[in-house]
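Here is a short briefing for a first look. Keep the sequence and the model side by side as you read.

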Amino acid sequence: MRTRASVIIGIVTAAVLCGCSASSISPTESASASPSDSPVATEEIFTPIVGSVLATPVAVPATDGLTHLAYELVLTNVIGVPVTMESVAVEADGIELLQLGDDDLTPWMRPSGGPTPGRMMAPGQQAVITLDVTLPAETKTPKELTHTIEFSPEIAIPPLIEKSMTQTIARTSVDSNTPIVIASPVAGDNWLDGNSCCEVTPHRSAINPINGALYAPERFAIDFVQLDDSGRIFDGANDDITSFAYYGADILAVADGPIVSMEWDLPEETPGAHPVGLELSQYGGNHIVQDIGGGHYAFYAHLQGKNPRDLTVGQDLRRGDVIGQLGNSGNTDIPHLHFHVMDSPLPLASNGLPFLIDSFRLAGTVAEPTLMECMETSIPCGVDDSARAAMKEKSPLYRDVISVKP
């Protein structure tokens with residue numbers, strides 16, 4: 001049986017082990033903030049939850065007419081009792097921009113140690129909350145964001161631990177840089193964005209523990225598949241690669257720049273199956289990493305296992321060059337091009353950077369329940385084309401269907 005004294009000792013011990021004393025975190029500073037980013041604390045407040053953002057958010061204009069700030073809030077429960085998150089609010093200049101509470105918060109929060117979303121953090125457990133703050137396109141982007149969290153410790157131990165608590169933590173600046181503008185890596189009609197920002201998709205919620213740190217390389221990654229004239233992803237058996245008419249489509253360089261790494265030796269996987277036994281370096285399948293300048297690297301993944309132009313590392317690519325064919329190699333269960341832009345040449349140990357495609361046509365969107373069904377069965381995806389429009393320097397969103405002139 002745990003006594004009240006032992007619970008208090010557990011709380012203090014957890015705080016010390018995390019390097020978080022009662023006086024080390026102010027209510028307006030991130031646990032990882034540098035002194036230059038943080039105001040001078042005027043009081044000492046015990047904060048059972050400490051937090052920081054995984055990477056500084058960047059304002060991204062998207063096809064829905066909104067500006068998106070897509071980023072992750074990393075929280076750690078440093079006390080010796082379980083804590084249930086009740087809500088998180090994002091604020092700027094005293095104005096609330098986003099509020100997630102109760103069931104609305106659950107799908108956006110993922111405690112460490114398992115793939116299941118949830119709002120409870122065990123003692124010492126960490127969780128990542130995926131955030132998508134949206135602003136009208138004409139609204140000025142804030143320079144700074146703060147986060148107010150409400151949570152309920154399982155046991156109240158006044159005066160430090162109350163049954164219901166509120167903290168303001170993880171102040172972060174907003175990156176003043178604009179996203180890089182690139183060409184599309186695919187050309188032709190009806191390319192479906194089957195997995196990307198800014199909803200909670202497998203890409204959007206993928207956090208990699210690599211080299212002793214956490215990274216979100218797929219924050220803005222797109223999985224491109226192409227719909228046929230009937231709106232289907234495939235026609236026939238889903239384990240037959242010839243059922244996918246777009247298999248083998250040309251993949252194009254999105255900008256000028258040299259190849260920094262590539263792989264061409266991996267076999268094609270069988271569609272409809274989840275590959276097993278892959279080494280970490282094989283998850284991207286046959287792929288190319290290209291330096292496209294300004295600290296941006298383009299990653300083209302799951303290509304067919306043939307080098308179309310005898311490409312070499314260090315070779316300069318030109319925008320629009322054919323650099324490979326769409327395949328099904330690596331960690332993939334359906335032929336597609338996985339494409340993202342990142343801040344290092346390492347596809348997994350990097351943070352995903354936003355990018356804008358210079359020119360394309362939004363042909364429509366696919367409803368999420370329909371998308372799940374047409375990914376698995378040979379039925380039309382049901383494109384809603386009511387919002388079709390020409391787009392310039394915009395970011396495609398999950399379930400968008402776009403057309404790109406060759």
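Predicted model: local features only at pLDDT ≥ 70, side-chain atom pairs only at ≥ 80, totals over all residues.

The points below cover backbone features and aromatic contacts.

**Positive phi angles**
- Asparagine 190 is not a glycine, yet its phi is positive, at about 60°.
- This residue, asparagine 190, sits in strand E12.
- Alanine 170, also not a glycine, has a positive phi of about 55°.
- Strand E10 holds alanine 170.
- Alanine 170 counts as buried, with a relative accessibility of 0%.

**Cis peptide bonds**
- Proline 158 and proline 159 are joined by a cis peptide bond with omega of about 5°.
- Proline 159 is in the loop between strand E9 (144–153) and strand E10 (165–173).
- Cysteine 197 and cysteine 198 are also joined by a cis peptide bond, with omega of about 10°.
- Cysteine 198 falls in the loop between E12 and strand E13 (208–210).

- The structure has 6 aromatic pairs.
- One of them joins tryptophan 191 and tyrosine 246 edge-to-face, with 6.2 Å from centre to centre and 70° between the planes.
- Tryptophan 191 is in strand E12 (188–193) and tyrosine 246 is in the loop between strands E15 (222–226) and E16 (250–252), so the pair ties together parts 55 residues apart in sequence.
- Tryptophan 191 is buried at 1% relative accessibility.
- Tyrosine 246 is buried too, with a relative accessible area of 3%.
- Trp191 and Tyr246 belong to one aromatic cluster with Phe224, Phe234 and Phe244.

How values were computed: Residues numbered from 1 in each chain as written. Heavy atoms only, no water. Phe/Tyr/Trp six-rings, centres within 6.5 Å; stacked < 30°, edge-to-face > 60°. Helix = DSSP H or I, 4+ residues; strand = E, 2+ residues; numbered from the N terminus. Buried < 20%, exposed > 50% of the residue type's maximum accessible area, 1.4 Å probe, protein only.
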